[in-house]
Amino acid sequence: MSETTISEARRRPVWLRLLAGLALLRESRVGMIGAGIVVFWVAVAVLAPWISPYPPNATLVPFALPGAAAPDGGVFWLGTDHIGRDILSRVIWGSRTVLIYAPLATGCAYVVGIVLGLVAGYHRGWVDEVLSRFSDLVLSFPVLVLYILIIATYGSSGLNIVLAVTFASAPAVMRIVRGLVLDIRDRDYIAAAQMRGERTSYILFVEILPNVRGPLIVDACLRLGYVIITIGVLGFLGLGLPPPDPDWGGMINETRSMTMAFPHMALFPCLAISSLVLGLNLLADGIREVLLNA
Amino acid sequence: MSRFIVKRLLFLLATMLVVSVLLFALLEISPGSVATKVLGPYSSQEQRDLWLAAHGYFDPIWLRYGRWLGHMLQGDFGESIRFKVPVAQVLWPRLANTAVLGGLVLAIMVPLALGMGMLAGMREGSRLDRGISLVSIVTTSVPEFASSVFLAALFVFWLDWLPGTSTMAEGWHWNELVLPVGVLVLYDFGYVARITRASMVEVMLRPYIRTAVLKGLPYRRVIVRHALRNALIAPFTVIMLQINWLLSGVIVVEFFFAYKGFGSLLLEASLNQDLFLIEACTMVSVAVAVGTQTLADIGYVYLNPRIRFS
Amino acid sequence: MSMSMSLPPIEAPRDVAQEPLLRVDDLWIGYRSRAGTVPAVRRVSFALGEGESLGLVGESGCGKSTLAYAVMHYLGRSGVRLHGEVRYRGEELAAMSPERLRAIRGQEVAMVYQDPMSSLNPTLTVGEQLMEVPLAHGTATRVQARERAIAMLGEVNLANAEALLARYPHQLSGGQQQRVVIAMALMGEPRLLVMDEPTTGLDVTIEAAILDLIAELQRRRRMALLFISHNLGTVMRVCERIGVMYSGELVEEGATDAVFRRPRHPYTRGLLECLPTFDTDKRTVTLRPIPGQVPAVLKDVEGCVFAPRCMHAQAPGCTTVTPQAEPVVGAPGHTVRCARHAELPPWSPPRAIDAMDAPAVNGGEALLRIEGLHKVYDSARAWSSRGNGGVHALNGVSISAHRGRTLAIVGESGCGKSTLARILTGLEEGNRGTVRFGGVDLAATAVEARTAEMKRAVQMVFQHPEGTLNPSHTVGFAIGRTLARLAATPRRELRRAVERLLQTVHLPPSYARRLPGQLSGGQKQRVAIARALAGSPALVVADEPVSALDVSVQAAILNLLLELQSESETTMLFISHDLAVVRFLADHVCVMYLGQVMEYGTVEAVFQPPYHPYTEALLSAAPVADPDAHQRRIVLEGSLPSATRVPQGCPFHTRCPRKLGDLCETTRPPEHHLPGGHRIACHIPLPELQAIEPVLGPVRAEAGD
């Protein structure tokens, strides 16, 4: 075995650990299905330029039903919307929008939440009091009301949405991390680290953080799902990303009035978003199952 | 116990106060933008100044805030820019409508979720459990707007059993409530069912359940008297918090089905920059949210003898 | 007239007295797991008659708890009976209908559990849980059930029974909770009581009171008792017969006295040889740990299950044939499962056999001087992690430890020993008083303020093996990091330094790559010791380092500590509640109670009269696995006062059997100074204390055969 016994805990590359993690998932059928769905959508998003039959904003034949023939000899597999844009292409490109903004927003919320949670849980004291009260405050708002307030006041843009999600989600992450840290900070190995004279940042990131990974990963998957739904809802309410960029929520908003006559326009983006969130939820469940049996 | 209640109530008041300050700072801080929103973008500077002076906007900030808060507490929320009537006149009827909707949702969802959650938890690992868990995961993955589309497509477009909008244009029809209530129940029950199930599973593994069984108690008694009392503590708080969640959920549903409720009012107000209406709606919804949270906290302590008598 | 009346033959009445109350016959129990069905109990047979008591002892994983639950026919979701019979009064449990089983449970066979707090429902009052038993079985009305509950609480010596009925379990102390559980078990007037480690986790004096209660109840009610424990001493107090279990098998069974005096099975002998007793100390005796580890049995074992670790094992006899349970000649009722038991040499308790070369007690200079140390955890601080209600953890403690020697701190919950450890290591600061060590006052310097030199000098070994190592770091990383931080070992030398340290604690160097989850409890403690020694500390604080370990592992770790200490002249502060371990290991002892020093002196001086009354009670309460030891019985009334409300005057006065009177309640006791630095803090005049009879009687007689 290598010489790096000492730094072994830190040296193995991230992607290798990720793959090892995924391999563990094999034990849970539910987790595998979820992972499959997520991987599918990630692939769709990445390969969008190559697999999308038409440009997403090209106006072709309005009100075409699913399976109708296209003027250039192809098929509108999912039909077209009221302006004539191919729905399949818009769904494919919409996955990009979702899979860029949602992970970005969730990631920001996590970074902020983890740092605050570690600090609050480890130091206790007035820092903890202030942070906890503040997070209680933010969490006491009905979530959507908060978003509407922020977006309606500051306008809707990609950046605003990311900031709003970070602001609304970081307290929840902070709460979770804080709870996990409180659990761990009284363990003897933390005392041993303190007696070695380790710096606080070392204790937080090297001693504590690796041991809270499991529940955090599960929460991350679930939260990513919530954020995707949130972005969808904002788009649905007309507060999402400005058109014409395809965004599943926005697509549903634009076509919902026609649901009674042409349900296919809103139906397929709904299926897309539901399947992606389902995949994430199943994945989270699978990871939780694996962690329990580990 | 009573000390705890007092503390929580004080915290509730403090929260409302802080929220009011934040709201005031957000929306009313600059008189210029207020006047523009009230009188419209085409009004002249002179008109705005006249209006601002008449409504005391040139007074010092703390005086304005105090007056604003005072009005709020008396129920005077000002006049809606769009509807041109006092906000209170628009707000309360809409709130009542949403209350009806919410009440129906809770009345259906709570027994359903608790029942299924407990059954799943008692028979952990069985096919029933796995079925209920799967249904729960699927329903919580489908956001309300999506399920609105699905249900509308199914029941309105395809089967034509139910009306597609819930405007109550021709008086009160219960069948117009079916779809909105259905969508909300569908999304929400999964979450509560899963929490109940998890709580039940955890309780069934506890040593005191083993003690009860080995005392020779009949199974029914073990479940009802020993397991449920402990297992229902967590779901109770979650259900109280669902009221908080409902305030968000109704926005989407009311918007989709054109139901004249509180949620759609807030949304319209935001989209129309109807300032005073936004303020009023926000304060009311935060009040409801924080109020239910306080109730949930108090209830949790009350139900948990370990905390109550410590 | 002859009338031939043919009467049906009279059946001889079945002699119920002959049929034992409980009969277990060739019982095999397994657990279903991913790896298949693992047999946890194998070929166990025993019988228990009315009013008899049988104790089952063994280390972790021996299957004793599984066996206890099998007697209640409660195997859990993954347990399965593979073979054999369990008969209660002749009826096979597995064949009973659910109603019959339910009728028996609680009424005829009742159980008492290990952790009373979690065995009681936190949302029901004590009264409800007690009254449930007769009410659910339909044997009493509500009024009658209440009366019986009050009577039971009285029988288990709980005061204020009426008030107790309305309380919730968490409002009672640990000892009170266990008494409630016992009362609950007695509500149905059972014939057989099964107890699974009922006193584990309770303080020593409380434990002694509960054991006495159990013994008395069993005698008075003539109940059969099946008593499970890992502690041989407790079994000795309560049971007439004892069964020794190893890795799922019952290897020896017999009268308690006989088994302890003349153990026949090599494992039993091994256990007794690694138990420190009150008349052994490190200068006269070596503890002999049993080499190897308890095997993980996946299927069945070929040959004797103990053979791999047995020093008398001989192939092929011991390794191919499973030994039968054979009776011992000349000892009725004594059976042993060993093929060679008749050939083994007679056993005698360990004596002066290559004892450790320990330095004389009085010798080294006083390296650590604690003077007048006070520590109060303030409740007013909203953000203290442990404060609740002004806890007076330490109340004027003055003791010293000498270079290269071991100072033991003995006491029960709330005595302040953990607080003392935390102050020494800098995790807390004292309020008043000093801790002089190497010219620095440790009590005033928190760990953040300490120099690297000071950090190196004082290190700690913790109690629980599970929490002592970071589960995400390998052994090599944990030790290496400590080396790098404390001993400033350069990067390239780290691997070799780690390997060297692992060798000193007798672990193979390959263990550096392992994660804590892959180690046993004893191995984790060895790593913890290696980590503590990485910086060559002058003072090691060991907070109950062996309390959570099995007996045989404990002996190995104690030997290791002695070995390391003699090599490096490290001073050790050894905290423990186990007096026998302290007697063995320590040079000086300090007996603490609620934050104050009751007695301090050399080990010989403290363990003999004159005693402090508390020391006397502790010595009397400690379970001793020696049938020949005469141990005077002193039972303390009441429970330990909480450290938030320390009694005025002498803190022990609320329970002291030798209390003088008001003086003890108002004034803090003076210290008697005896030769050799021996101090006793008591109002009782010294001559009276010196006249106290020794608690522990004459030394064990040489056992022969």
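Helices (H or I, at least four residues) and strands (E, at least two) are DSSP runs, numbered from the N terminus. The structure described here is a predicted model, in which local features need pLDDT of at least 70, side-chain atom pairs count only at pLDDT 80 or more, and totals for chains, interfaces and linings use all residues. Residues are numbered from 1 along each chain as its sequence is written, while chains are lettered from A and ligands numbered from 1 in the order in which they are written.

In the loop between α7 and α8 (175-204) of chain B lies Asp160(B). Phi of Asp160(B) is near 55°, a positive value in a residue other than glycine.

Helix α5 (residues 87-122) of chain B contains 36 residues. From first C-alpha to last, α5(B) reaches 50 Å, close to the 52 Å expected at 1.5 Å a residue; the expected span is 1.5 Å times one less than the number of residues. At Met109(B), α5(B) bends by about 25°, and a proline, Pro111(B), follows within four residues. The bend at a residue is the angle between axes fitted to the seven residues ending there and the seven starting there.

Two packed helices are described by the angle between their axes and the distance between the axes. The axes of α2 (residues 31-39) and α3 (residues 45-54) of chain B come within 10 Å and cross at roughly 105°. Axes are lines fitted to C-alpha atoms, for helices over the stretch in contact, and angles run from 0 to 180 degrees between N-to-C directions. α2(B) and α3(B) are therefore roughly perpendicular to each other (angles under 35 degrees count as roughly parallel, over 145 as roughly antiparallel, 65 to 115 as roughly perpendicular and the rest as oblique). Residues of α2(B), including Pro31(B) and Leu39(B), meet residues of α3(B), among them Trp51(B) and Leu52(B); two residues are in contact if their C-beta atoms, placed from the backbone, lie within 7 Å. By class, this contact has six nonpolar, two polar and one charged residues. Here Ala, Val, Leu, Ile, Met, Phe, Trp, Tyr, Cys and Pro count as nonpolar, Asp, Glu, Lys and Arg as charged, and the others, Gly among them, as polar.

The chains also meet one another. Between chains B and A, the contact takes 35 residues from chain B and 33 residues from chain A. On the chain B side, the largest share, eight residues, comes from α7(B), and the residues divide into 25 nonpolar, 10 polar and no charged. Chain A also touches chain C, with 21 residues of chain A in contact with 31 residues of chain C. For this side of chain A, α9(A) gives the largest share, six residues, and the classes are eight nonpolar, five polar and eight charged.

Chain C holds an open sheet of four strands in the order β14-β13-β16-β17, with antiparallel pairing; two strands pair if DSSP finds at least two bridges between them. β14 (391-402) and β17 (440-441) of chain C stand at the edges, each with a single partner strand, so one side of each is left without a neighbour in the sheet. Strands β13 (residues 366-377) and β16 (residues 432-437) of chain C pair over five bridges, and Glu371(C) has Thr434(C) in β16(C) as its bridge partner. Helix α13 (residues 417-424) of chain C packs on the sheet and touches β13, β14 and β16 of chain C.
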